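This briefing covers surface patches, a loop residue and salt bridges, in that order. The structure comes first.

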Amino acid sequence: DYFGLQLPAGLDSLPNDLRVDFSHRGILDDSLGIKPGFNRGTVNFDDGRTDLFSGNMRYRPGPEGIRSKLHLTGDPGFVNHLFAAEDFFFGSGKFRIDLDMVGTPEKLSDLVENSSLRLEIDSSRISYRPAAVYLPIRKFVVNAENEKATFDMRLFSEHTRSNVVVKGEMDRLTAFLYPELGRTFVIKADAKAQRVQLSDFQYLIPPDTPNPEVKSDTADGGFDLRQSLAAVEGIFSSFRPDLSLRVDTFQANNGTEFTELYAGFRREDSTRLVLEKSGFNVAGGSVELSADYDYDPRSNKPFNVEWVTDSLALNTLGQKMKDMDLVKGSFPQQLGGLLTTRGQLSGQLNDRRKEMLMKKAAGGVKLRITQVEISDWSTLRKLGKKLKMKKRFERVKMTPLILDMSLDSGQVWLPETEVQSTPLHLFVEGSYDTLGG
């Protein structure tokens with residue numbers, strides 16, 4: 001009060017036992033306060049007893065007002081108070097803030113808008129309530145200059161030992177920190193990882209709880225599609241990022257490895273999530289796909305997917321389907337061939353279980369299967385025995401096979417298709433009801 005200084009609106013109080021060590025060199029005037037000239041000083045302080053924060057501020061006059069350099073360290077919980085956070089909360093760990101500012105801002109938003117800021121937080125958790133998720137972080141660094149911010153976030157789960165690096169930029173930091181201002185912001189981010197498993201997502205982006213500080217990486221079970229989709233919906237509803245993703249090796253829970261995975265995500269309109277042309281390598285071939293998904297509950301969660309696959313190894317695909325119990329009965333001991341497809345599927349998701357409603361599904365797929373060779377398969381041996389051509393069915397080769405199937409309201413249709421193989425030459429057609437079998 002003696003110097004006519006006031007706390008920015010939004011930071012209404014300081015600890016009652018705040019300890020301050022103040023030193024100043026220059027001229028003080030009883031009526032004017034700090035008199036312009038060659039004045040400068042340092043303020044050292046801490047919260048007095050809880051080790052919540054400590055720091056120092058160096059200041060000196062400038063042509064536009066007092067120029068101050070603030071340095072703060074302590075518990076990340078203090079960051080919640082310092083920025084008057086209502087939507088995001090930091091858990092345990094340690095923080096460091098370096099802030100350069102001019103003058104004495106009237107509001108916290110003015111301080112952020114007109115300053116140079118660097119924030120570092122180690123070994124903490126960020127809870128973001130609008131997205132209903134929290135992020136376990138090893139390190140989080142934000143550099144901001146007059147609202148424009150860049151960030152570097154290292155996600156790490158003690159449970160899976162997985163690391164994901166997220167780097168990006170934000171055009172308006174105050175819009176993110178203080179949503180009540182009614183401003184908009186844009187986030188662009190790049191996420192990279194060397195190796196990630198599908199189940200890691202439940203530990204890297206888990207759902208939030210009322211007390212994130214005591215939450216630990218103890219989730220049990222495998223990948224939960226419903227939980228992960230809910231987390232993604234929350235993140236894109238709140239942050240609206242343009243996100244690119246690159247993963248060297250992505251491993252599904254059944255052991256299947258997808259390499260050189262790349263993807264681009266963005267939000268279009270208010271609730272439409274768009275997956276731009278993305279892809280990966282698997283089973284000796286490649287996959288490219290694009291999709292969009294409207295997560296507005298009022299629209300019954302419609303989605304659309306388009307994909308192209310090239311030269312996928314049938315043996316690898318078949319074995320993985322068997323491991324996932326998608327193939328019943330016996331499986332060929334030797335299976336050769338390559339699968340190339342192009343397809344499109346649209347439909348709706350069950351909002352509660354996040355499963356596709358087959359009666360609402362429609363689309364089609366064209367398959368081209370080449371270099372097919374099958375041997376030592378009990379199913380073919382039994383067929384050969386019935387047809388009295390056992391020898392011819394021991395080893396079967398096929399000419400390139402083209403299938404053009406369609407799906408509508410749960411019905412799969414296969415038009416008349418020619419199949420040429422070493423033991424038989426025939427035509428097949430038919431339909432299958434996915435709802436009734």
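In this predicted model, a surface patch of positive charge brings together Arg-25, Arg-40, Arg-60 and Arg-67. The protein contains seven helices and 24 strands. Of its 437 residues, 38% count as buried.

**Surface patches**
- Arg-40, one of the residues of the positive patch, belongs to strand β4, which covers residues 40-46.
- The relative accessible area of Arg-40 is 42%, so Arg-40 is partly exposed.
- A nonpolar surface patch consists of Leu-383, Leu-387, Leu-424 and Leu-426, which together have about 280 Å² of accessible area.
- Leu-426 sits in strand β24 (residues 425-433) and counts as partly exposed because its relative accessibility is 34%.

**Whole-protein totals**
- The protein exposes about 24900 Å², and 51% of this area is supplied by carbon and sulfur atoms.
- When contacts between residues at least 6 apart in sequence are considered, 51% join residues at least 24 apart.

**A loop residue**
- Glu-147 is found in the loop between β10 (133-145) and β11 (148-156).
- Its relative accessible area is 8%, so Glu-147 is buried.
- Leaving aside residues up to four places away in sequence, Glu-147 touches Val-112, Glu-113, Met-170, Asp-171, Arg-172, Leu-173, Thr-174, Ala-175 and Arg-183.

**Salt bridges**
- Side chains of opposite charge can pair when their charged atoms come close.
- The whole structure holds 18 salt bridges.
- Asp-100 is partly exposed at a relative accessible area of 31%, and Lys-69 is partly exposed at 40%.
- Asp-122 and Lys-139 form a salt bridge in which the closest N and O atoms are 3.1 Å apart. The two residues are 17 apart in the chain, Asp-122 being in strand β9 (residues 116-128) and Lys-139 in strand β10.
- Asp-122 has a relative accessible area of 31% and is partly exposed; Lys-139, at 30% relative accessibility, also counts as partly exposed.
- Asp-152 and Lys-167 meet through their side chains in a salt bridge (4.0 Å, N to O). Asp-152 lies in strand β11 and Lys-167 in strand β12 (residues 163-170), 15 residues apart.

Technical notes: Residues numbered from 1 in each chain as written. Predicted model: local features only at pLDDT ≥ 70, side-chain atom pairs only at ≥ 80, totals over all residues. Heavy atoms only, no water. Patch = residues over 30% accessible without salt bridge, like charges linked within 9 Å, V, L, I, M, F, W, Y side chains within 5 Å. Areas by Shrake-Rupley, 256 points an atom, 1.4 Å probe, with all protein chains shown as cover. Lys, Arg positive; Asp, Glu negative; His and termini not counted. Charge placed at Lys NZ, Arg CZ, Asp CG, Glu CD. Helix = DSSP H or I, 4+ residues; strand = E, 2+ residues; numbered from the N terminus. Buried < 20%, exposed > 50% of the residue type's maximum accessible area, 1.4 Å probe, protein only. Contact = heavy atoms within 4.5 Å.
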